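Keep the structure in view as you go.

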Amino acid sequence: MKILHVITRLDPGGSAESTVHSAAHFARRGHEVHLVTGPSERWEGLRGMLQEAGVRVEVEEFLRRGIAWRTDLRAVARIRGYMQKHDFDLVHTHSSKGGVVGRWAAWSVRRKGRPVIVHTPHGHVFYGYFGPVKSRLYREIERVTARITDALIALTESGAVEYRRWGIRPRRRLASIPSGVDFGDLRIPAKEEIETIRSRHGGGPGRRVVGTVARLVPVKGVELLVRAAALLRDPSVVVWIIGDGPLRAKLESLSSELGMGDAIKFLGWQTPAEPYMAAMDVFVQPSLNEGMGRTLVMAEYMERICVAPAVGGIPSLIRDGETGYLVATPTPEALSEGIRAGLNAAAGSSAMGRRAKEWVAIRFSQNEMCRQMESLYASVLEAGV
């Protein structure tokens, strides 16, 4: 096959990593794989992986985030030209902007059922990101674009249910394929390193650590975690916020206003983050919307007790009360109660952590993602027009 992937940008994160691993997998299997992406300053590691696997990479300067009609139309025209030059069998688009631009470019060159068009949104922007007017606009754009899409891939079954609820249906198939995690590549530290990390950041003897790893942007809901920690008012608990972003100063100010002092620690990005996750007693994913949540899967694999609101694809990752705790509504009060339950579980038997690891190890590996992707590609290519 000749396969083209289109993604808005390859910044480090779940959508980029999943796209890169999928593209590299098919290249290693002997297919001709290309990838078109917008400009990014933080993608050298991922670019190296693509080049090593033999994926041809094209940077399209007009492919950028946000709606800008003139720039977007130029991106469609440029990507359309690239598709005409290479005559692809299948175009697989990723993320919101890359998905709209790439799919319409592919549709405009489509002849006799080729290229087949596949899209993975890696989550959606139908709520939690913007106000009601802009959210409705994005939903309408996606409804129309889905009509030219052969297959739409949600990251979880609960994510697929949300697409059906919003009336977004592709031409042939709505599938759920997880964003696979390379569990063998996780950096899980020894006990001595965990103790050192905990001691260095306020998690010494008698203390319990609750934490998250997230970009500090509104949709990640870290403000919920700060307010939930204030409601806990447990002197034995220290909260680690690992990550950075435009909301950091606001969140630090809020923590101070709530009188949290050293009970909440903003640690910035830690690379790798896994040793810090392994040092937590409870991992919290406080998102307002989440396609899947790869860090949540990683934490479960490391047998951490996980707590998260039941939004987006998260209900497919946690069996409430068995492998972690789902919070019915993303509010500080509900999240604080979920964290309290998680702390109680972490202080008791380790059975919940073991069940969580078994649950994700089977369902969310990179091998499983690629196996399901191969099956989907074959089915939509066979169906043709």
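**Exercise 1.** Find how the side chains of Glu 223 and Arg 227 meet.

Solution. Step one: the two side chains form a salt bridge, 3.0 Å from N to O. A salt bridge is a side-chain nitrogen of Lys or Arg within 4 Å of a carboxyl oxygen of Asp or Glu. Step two: both residues sit in helix 8, 4 residues apart, so about one helical turn separates them. Helices (H or I, at least four residues) and strands (E, at least two) are DSSP runs, numbered from the N terminus. Step three: Glu 223 is partly exposed at 30% relative accessibility, and Arg 227 is partly exposed at 32%. Buried means under 20% relative accessible area, exposed over 50%, partly exposed in between (1.4 Å probe, protein chains only).

This is a predicted model: local features need pLDDT of at least 70, side-chain atom pairs count only at pLDDT 80 or more, and totals for chains, interfaces and linings use all residues. Residues are numbered from 1 along each chain as its sequence is written, and side-chain values use heavy atoms, leaving out hydrogens and water.

**Exercise 2.** Which parts does the pair Arg 208 and Asp 234 tie together?

Solution. Step one: their salt bridge has its closest N and O atoms 2.7 Å apart. Step two: Arg 208 lies in strand 8 (residues 208-213), and Asp 234 in the loop between helix 8 (222-232) and strand 9 (237-242), so the pair ties together parts 26 residues apart in sequence.

**Exercise 3.** Is Thr 19 buried or exposed?

Solution. Step one: locate Thr 19 in helix 1 (residues 14-28). Step two: its relative accessible area is 1%, so Thr 19 is buried.
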